[in-house]
Amino acid sequence: MSVSGAIAPNIQLGAKIKVEKEKRKRLGITGTISAVWLALIGLSALLAPWLPIPSPKQAYIDLVQPDGNAPFSTSGHVLGLDGGGHDMLAQTIHGARVSLQIAFGAVMFGMVVGGFLGLSAGFFKGKVDRFISTLFDIFLAVPALILAMSLVAFLSGSSAQSGFLSIERIMMLALGIVATPPLGRIARASTLTWSEREFVMAARAQGAKNFKIMFIEILPNVLPAMMSIALLSVGVVVVAEGGLSLLGVGVNFTDKPSWGNMIALYAQTDLQLHPWLVFTPIIAVFLTVLSLNNLGDIIRARFDAKETTL
Amino acid sequence: MAGTGTAHLREPGETLLRVENLVVEFPVGRSGLKVNAVTNISLDVREGETLGLVGESGCGKSTTGKAIMQLPAPTSGKVLFGEHDLAALKGEELRVMRPRLQMIFQDPISSLNPRRKVEDIIAEGLNIWNIGTEAERDAKVNELMEAVGLDPELQRGKRPHQFSGGQCQRISIARAVATDPKLIICDEPVSALDVSVQAQILNLLEDMKARYGLTLIFIAHDLAVVKNVSDRVVVMYLGKMCEVGGPDDLYANPRHPYTAALLSAIPVADPSVKPSERMTLGGEIPSPVSPPSGCRFRTRCPRAQERCASEEPQMQQIAEDHFVACHFPLNPGETLTNSTEAFTA
Amino acid sequence: MTDTMAASSEPLIALRDVTTYFKTPRGLVRAVDGVSFSLERGKTLGIVGESGCGKSVLSKSIMGLLPKRNVVRGGSIKFEGREVGQAGANELRELWGNQMAMVFQDPMTALNPVMRVGNQITESLIHNLDVSKDFAQETALQLLTSVGIPEPSRRLRQYPFELSGGMRQRVMIAIALACGPKLLFADEPTTALDVTVQAQILDLLDAQQAERFMAMILVTHDLGVVAGRADDIMVMYAGQAVEKAPTRTLFAQMRHPYTEALLKSIPKLDQASHTRLDAIGGRPPDLVHPPTGCRFAPRCPYAQDRCLQEAPPLVSHDTPGHEFACWYPVGTPEGAEALAKNQAAGIAATVSGGN
Amino acid sequence: MAFLMRRLVRVITVVLFVTFFSYFLLNLLPGDPVDTIAPFATKEIKEAIRKENHLDRAVPVQYWFWVEKFVQGDLGYNYTPSSKNPVADDVKSHFPVSVQLVLYSILLTMLCAIPLGVFTAYAAGSRLDRGINTVLFGAFSIPDFAIGLLLAYFVGVKLGWLPNGGYKPFGSGLWTHARTMILPVISLAIAQIAGFTRVLRSDMIATLQEDFITMAKSKGISGKRVLWRHALRPSSLTLLTVAGLNVGALIGGTVVIEAIFNLPGMGLILTSAIRGRQFIALQSTVAIIAIGYVLINVMIDLLYTVLDPRVRNVS
């Protein structure tokens, strides 16, 4: 999967399957495992500096063989060391910190901006809708990863001197901008169907103001659809960060490890001899994306987010 | 039918609501064509009266109801409510009028917000207008729930999906009554319900009307239902009025061919009435994008003459409190003969 | 379906104790729970009931059109003497189209939106009767003409969305009639239509039935629709038949309190306006846990203790062919006594109040 | 057809907006754009570059000149300390590689996803369906580059069956060409197959519950005909919408996969333009990709109108 397109296929999954999938009250086994994994990885990322793990910059160079081979598992280094003697567990956890920070930041940005724009477009229709939809179309006319790449390039170019934005913030902003149109379109489509409902007319007949109708009546109904897509988008951004790193755009490994730049670096240097180094961050990405997709599916099934057919 | 005119309107002083020459048009995509949903409808309601609006789908009855509510505002025409012309009001001026007119919708599911509790739904108007203290509002919600036959203790905190269709309509009625409106527009409030529940809701509406001193506009496609609740009935066809009158006279002696055809098409729960012997109207309702000239019913009317195509019939009085817009109205007691000529006309 | 006529010929279709249950997470939904009837060629059976009473499920169940998963079917269905109650799709496919056919409720959803009307009519001809394309085309044209569609040759090339609701329903009837079925199920064929169009469609069904000497099962919620058109009527409530009789008998001497209540709760044209309606209180039971006794008892103005404990069987009493399932039937001394007793006790079940 | 014309007009406006917007961004960069493009160059060369790209004019004028050149096939230059290469030359040689990659992937996706989707919908709820679904759900969650790296390691390095990098054109023999394309195409297609199958499956399941399917069955036609003639076409409409949105993902994926398998495609031009801060080259390349992307979407719209008669007449 990769950037925005991946959002689309999942939209309908499970949504219409009513044969056996009655609304599940609880998460189920897979849902629980997903939630546990996300909690685990999220918490360790959040608490990384205080966890009893070595700093990712710490190089146990004496443990690395003269031929550049690092032992896979040594006491105290559960996931082994890389060629530079860095502890892989520490790398992965600190990598999660960077990758997840970017992903959540970007999706938050997309949710807020896209949600607001989509809600406005779907609610006011007419000119407002045409303007906002065209804006979305413009951003959607460039494949997401390429848009992200160009945005990162422009943004890092413009903040090169000022240093106002760190590379993580730039990534967050760039990927956030990329995530905005798809989330906005979901919000718009969902708002369009919900504002057709008669309770909206009833609220208006009661004398409710637009603001109240938008945020009290419609938003709570639109949110579940957006939430499930947002969860998918977090996964998509995690993957996008990886993809950008592989293209040489993004956070620098020597500054801070991220899942993306770990994959990119080890894929270049260690794929043939120490594939485990490549697979460790890949597995982390995979499990995280899998869990996010699974939870997204569960939310969607529960709220029957059929109206998000775009 | 398909006629215009205001002959049937009563003195302005007598009525609570007076609608004059209401027109509602919608554009068809960007083609420049327009749907003539409602063309020159005039009607009025006295205080405490129930006005029935009846017709088949596409006759503009619901659109008329919504246009009175200014949801959305009509293309042209006057909606006089008290001394205000609602159609001329904008923004805040219109908004303050809102609590005095309310609406009950057809679809019990769609008309309640699934994510809100029943108590919040009913209290919405009270909260918006800040009526009373919190305790008073609470008490009002309890009172309303009891009035519509719901148990406030058990059901206040539930959400709409936990209720049946009939119960949802009860909630809608409670919500509509909450702000003490003068007028309630009921837009097909029972057509989504089963017959046994339909009777419950119709009885409830009568009770509520008496209890809260309401005036109703009752929109439905079911003639028998409309007759049951109304003091005056307007029959509509393709965006125009056909016939206006008191229900007993209008149903006993329909003067407009369309009303007669409509009445004869209703299946009667009596095996001795043979359906084959009754008059069946041919064809279907023409497109409201290009309605027929003159009388809009002429393409299906067994009595249509050349004059019907060229000249639009005006609303004229034909008996006491009985008005018809037709060049060749039926005589009292006269029945329509089955004619297939109109089918192809 | 009546005993008097059974002697003349073998029934076209005979059901005995047919059940259809749906497995859901909440439990087994007893949508159809023990229905029996038989029907001869050329006759019309009206099945009447409110939504959720199992009337629509019944016709799909007889046709074998329900999905296999999570559906439990029981009882015997004999079509021309052949047992098809448990037949699989392959066996039923021989019957579908040329023996029995169905007209669905909503012509909007029952026609394939992306297929031309003509192809939808001809395909069953081509695949069931193995006729040539040209012949099928010619037959389709005749069918459209016979169901009263103007400009039939143009309509053949159109898509369903280009037709009005009434036209779509006519097309659906043409499809159902294409292979000359012996039995036609019409499942609420006019519910989605306007009254004036409804009358046209019902007349059309009547005419076609007479012309082809078909048997027809007309499913509806409206007693008025079947009153003038069905030979026999079966009233269903909560998955069961509560009363069954020749049409005239049923209307002349209603025995089951539900049938009576159903008729009385409908506003009538000849009543003066503001006539208070006799509403049935409450609502239909949950079919996962139906009441133990008579299923209508909790809402019935005649109900006594016995009704709550013991389910009455559907049997004929004084009039042959008139069956009903009630301990205290309407219009009998027992019934009148039970009603009087309840009224005296102030248990008026026909209230307009809360459900 | 009017619908399509409107669509086309909209597409052109959108592309113009996109390019203008990116041009505008370029000018928002602090400092002299020429310094960014060619920091190594002498004053004279910088002036020449400025003239060549009309960077001394107002932004809209610059943009107009760029559009004028672009439609004539002049995509600007890549400036290096030693030379300046026309971007158009690179595009000419690299474009076919990316197009092949995208086309093969779409082909493979459709070949696998349609039968799989129809089958799993038909057998919905069965053990086999659930098994396939679980595998697909997993496959859907693996990033395309991860599949690429896994394949490169296991098939390319461990087994040594196929080259784990490099490109041979079609002209050098079918098998030689295919050997270099198999792994990249599979890497791109797996997630697409998973996504499409699941969309088609859930849509088919929904369609199979529609009245018109029951109606078709009740006509007595064969189950196969019901499935393929009646259910597939209405179900494939969502698939098309999704396909349109997914082309973007596919193109993005192509760029990454090209980097992993060392394929000389558009991705290579893009990355080198970004690394070398060649903003004009970047602008042109992005414009080409956007146009390609948007054109594919127009084609999908066209297909949509073929499959769904309702769209044709609703104007």
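Q: How many residues does the contact take from chain B and from chain C?
A: Contact means heavy atoms within 4.5 Å, and on that rule the contact takes 49 residues from chain B and 49 residues from chain C. This is a predicted model, in which local features need pLDDT of at least 70 and side-chain atom pairs count only at pLDDT 80 or more, while totals for chains, interfaces and linings use all residues. Residues are numbered from 1 along each chain as its sequence is written, chains are lettered from A and ligands numbered from 1 in the order in which they are written, and side-chain values use heavy atoms, with hydrogens and water left out.

Q: What is the area buried between chain B and chain C?
A: Buried area is the accessible area (1.4 Å probe) that two parts lose on being put together, summed over both. Between chain B and chain C this comes to about 4,000 Å², and carbon and sulfur atoms give 52% of that area.

Q: Which side chains of chain B and chain C meet in a salt bridge, and how many residue pairs are in polar contact?
A: A salt bridge is a side-chain nitrogen of Lys or Arg within 4 Å of a carboxyl oxygen of Asp or Glu. The count between chain B and chain C is one, and in it the side chains of B:Asp207 and C:Arg276 meet at 3.1 Å, N to O. A polar contact is a pair of N or O atoms within 3.5 Å, where within protein one must be able to donate a hydrogen and the other to accept it, and residues adjacent in sequence count only if both atoms are side-chain atoms. Across the interface of chain B and chain C there are 26 residue pairs of this kind, both residues being at pLDDT 80 or more.

Q: Which helix gives the largest share of the side of chain B that touches chain C?
A: Helices (H or I, at least four residues) and strands (E, at least two) are DSSP runs, numbered from the N terminus. The largest share, 11 residues, comes from H7(B). The residues on this side of chain B divide into 22 nonpolar, 14 polar and 13 charged, where Ala, Val, Leu, Ile, Met, Phe, Trp, Tyr, Cys and Pro count as nonpolar, Asp, Glu, Lys and Arg as charged, and the others, Gly among them, as polar.

Q: How many residues does the contact take from chain A and from chain D?
A: Here the contact takes 58 residues from chain A and 61 residues from chain D, and the area buried between these chains is about 5,100 Å², of which carbon and sulfur atoms give 76%. The rule finds one salt bridge across this interface, where the side chains of A:Asp297 and D:Arg198 meet at 3.0 Å, N to O. Three residue pairs are in polar contact across it, both residues being at pLDDT 80 or more. On the side of chain A that touches chain D, the largest share, 11 residues, comes from H10(A), and by class that side has 35 nonpolar, 18 polar and five charged residues.

Q: Why does D:Leu26 count as buried?
A: Buried means under 20% relative accessible area, exposed over 50%, and partly exposed in between (1.4 Å probe, protein chains only). D:Leu26 counts as buried because its relative accessibility is 4%. D:Leu26 lies in helix H1 (residues 2-28) of chain D and, leaving aside its neighbours within four places in sequence, is in contact with A:Phe154 and D:Phe279.
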